Amino acid sequence: MRSIRAAAVGAVTLSLALAASACGGGSATGGGAGDSPKTLTYWASNQGAGVEVDKKVLQPELDKFEKETGIKVKLEVVPWPDLLNRILTATTSGQGPDVLNIGNTWSASLQATGALLPWDEKNFDAIGGRDRFVESALGSTGVAGEDPAAVPLYSMAYALYYNKKMFADAGIGEPPATWDELVEAGRKISKDGGKWGLGAEGSNLSNNIHQVFVLGKQHGADFFTADGKADFTSDGAVAAVKQYVDLMAEDEIVAPGNAEYAQNQSLSDFANGKTAMVLWQTASATFKSLGMTDDEWGVAPAPVPSGTPGTGKATNSMVAGINMAVFKNTRNLDGATAFVKFMTSDAEQKILNQAYGSIPPVKAAQADPAFGSPSTAVLRETLATSAAALPQVPDESQFETAVGTAVKELFADAAAGRAVTTESVRARLAKAQQQMPAK
Amino acid sequence: MTTTTVPARPGARETGPGTPGAARGGRLPGRLRRIGLPYLLLLPALLLELLVHLVPMVIGIVMSFKELTQFTLRDWGTAPWTGGDNYRVSLDFDAPVGEALLHSFLVTCVFTVLSVGLCWLIGTAAAICMQDAFRGRGLLRALFLVPYALPVYAAVITWAFMFQHDNGLVNHVLYDQLGLTDKPSFWLIGDNSFIALLVVSVWKGWPFAFLIVMAGLQNIPRELYEAAALDGAGTWQQIRRITLPSLRPVNQVLVLVLFLWTFNDFNTPYVLFGKAAPEAADLVSIHIYQSSFVTWDFGTGSAMSVLLLLFLLLVTGVYLFLTSRGRKTADV
């Protein structure tokens, strides 16, 4: 009966979208919770340059785990665009993996479904205690004051990546530390026909959110009130969104074509020497795969108005990263916990984060010299001192869609040469706020 | 006149009265078997239909009366009832949700009319041109069917590449080579996205119209054309007086199918624009997907689906009523 109902729910959620098969949410019964205590199903998010790369990175570690514990882990690497749909379908049908990766910004939204195992004191103790993790990473594991819905696995932060040669050619000595300096540097480079100062991903909703959230902090605005209500039209929020879109509309240091970018095209533009700067999270591995050598680019903290990153108005990154969660209805809770313990152990943290170019959210691993190179040091420093977690509210997912789309439409306006004014920004944000669930 | 060649109701013919076996009857089991057998043979299909279509549909209708968000999704059976709230929200055209739904509905209506119209026009014109044999006809016919044979995803993603602002083929031709626009245009964002969507939809849809009309043309007796030619009718008059009227029954089905497919098309806009379609190309299918899967409000999404279903049923019903009535009077 239970499985019939589950199948029916799976079928209906899919048929409701009329032809949602294209969205990749297809296999509700894909993984199937491990029936035997000797197996686990693991959905890993796509971290490397491709799904195959991830398999190569992860499989040896999973083999190691099997050798230690006798538990076989069935790995499935899920591409980003499919991951949230897959998790939602698994939540409704109850037919999910035992252990999975989630984007850390989804923590509170997924926590609200009640499908994920809460990490209370007891569960944390089983993996070595809560204190092992860096505080900023724990900040994006669920709603404050509740037991986290996940534990941090990989941490990332935003930084300013710049092309050394293009900077030298334009006579720019130091990477910009303030927005004024960034615009100035960008203009020097953009003067040259066909070259642009900064890259953006105007049609990527999540990236839009990350950027305007940080700018919002710098303008003293959050996108939610203290009690979790949407607050998109405050002066600070409007100013933040306008400042970001103005990099294309008014400052003209972002190429209009970037308005339709959503597949990391700005990174290939950067690697091809078309744009001189990108604001990105842990881009080194991608640059390498695009054929750039490490000495061709430099990295500096993302700009803040004062020039010195810190907390509050000097925030210059969101806390980016991947969390690891356990499905509550796993039939192998002990095995799942042991697997989380393994993946967050000091040794594995070093191996995995080095492979992905990310920063370990585990203190002991983070202190390792392997993460002390100039490029990772900037990210580590940012995470430790000047990064803030996105609002941990159950409506976070809707916020990304609503405000991310508003920014996308504003970029479309800017690209088409239509004026982007404080009023037009406020109007778009007001519309986005109306689309949020009224609770 | 030629309507009889179209098996409008195939079931009616097969189970028609006076089958030879009727005379043999008399004993109950035999009769039962005779009457029951067709139904027995239909049973697997009926069961599958029930499982694949009806059950989800009923569940969908139930869901449309519930509050299904991230808070209640996991155990949707116990989710609170909202009465008609989801419908009220969807149909309140002064509030944001209803307003957006109405907008996407109107966009879809205009899009469907244009797309179906163009598909039909191009398909019919191509089929008529292909009616007479000429060198290379077979090759051309095969080429015409390529869009229909290609996997939708691969085809649409190729279009998405071609529509790119910076490196796309479309701008390269229109701006760089022909100089028809004064600067490269955006096709995947902003107002032009409607045109991009229409182009891909027509490119994808017309070969089907071509195929069906071509099949329909095979059924028109050549003698009619010969007689008309003897009477002095030109090509255009032959098309108008013979071809088009003869194709009527075929077209009735073709237009209905194209309408339903286009109105519900999800793949094209999703692959072209992703989960947040530009306002100008916000088709109702994407809109419902967004309400359900992106905004995590499955109750309202279900209500919108049900409303869409009712609308399509209504249109189909009226259409079938009107066209079948027309056919009857034509037959008399």
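**Exercise 1. Which backbone oxygen does the side chain of Arg132(A) reach, and at what distance?**

Solution. The model is a predicted one, in which local features need pLDDT of at least 70, side-chain atom pairs count only at pLDDT 80 or more, and totals for chains, interfaces and linings use all residues. Residues are numbered from 1 along each chain as its sequence is written, chains are lettered from A and ligands numbered from 1 in the order in which they are written, and side-chain values use heavy atoms, with hydrogens and water left out.

Step 1: the side chain of Arg132(A) reaches the backbone oxygen of Thr344(A) at 2.7 Å.

Step 2: leaving aside neighbours within four places in sequence, the contacts (heavy atoms within 4.5 Å) of Arg132(A) include Thr344(A), Ser345(A), Asp346(A) and Pro361(A).

**Exercise 2. Determine the strand order of the five-stranded sheet and find the helix α13 that packs on it.**

Solution. Step 1: the five strands form an open sheet of mixed pairing in the order β2-β1-β3-β10-β4 of chain A, where two strands pair if DSSP finds at least two bridges between them.

Step 1: β2 (72–78) and β4 (151–156) of chain A are the edge strands, each pairing on one side only.

Step 2: strands β3 (residues 99–103) and β10 (residues 320–326) of chain A run antiparallel and are joined by five bridges, and Gly103(A) stands opposite Ile322(A) in β10(A).

Step 3: helix α13 (residues 333–343) of chain A packs on the sheet, touching β1 (39–45), β2, β3, β4 and β10 of chain A, and its direction makes about 155° with that of β10(A).

**Exercise 3. Describe how α10(A) and α17(A) pack.**

Solution. Step 1: α10(A) and helix α17 (residues 396–415) of chain A pack at an angle of about 30° with their axes 9 Å apart; axes are lines fitted to C-alpha atoms, for helices over the stretch in contact, and angles run from 0 to 180 degrees between N-to-C directions.

Step 1: α10(A) and α17(A) are therefore roughly parallel to each other, as angles under 35 degrees count as roughly parallel.

Step 2: the contact is made by residues including Tyr244(A) and Met248(A) of α10(A) and Leu410(A) and Phe411(A) of α17(A).

Step 3: as for confidence, given by pLDDT (the predictor's confidence in each residue, from 0 to 100), helix α10 (residues 235–249) of chain A has the highest mean in chain A, at 98.

How values were computed:
Helix = DSSP H or I, 4+ residues; strand = E, 2+ residues; numbered from the N terminus. Polar contact = N/O pair within 3.5 Å; in protein donor to acceptor, adjacent residues only side chain to side chain. Parallel < 35°, antiparallel > 145°, perpendicular 65-115°, else oblique.
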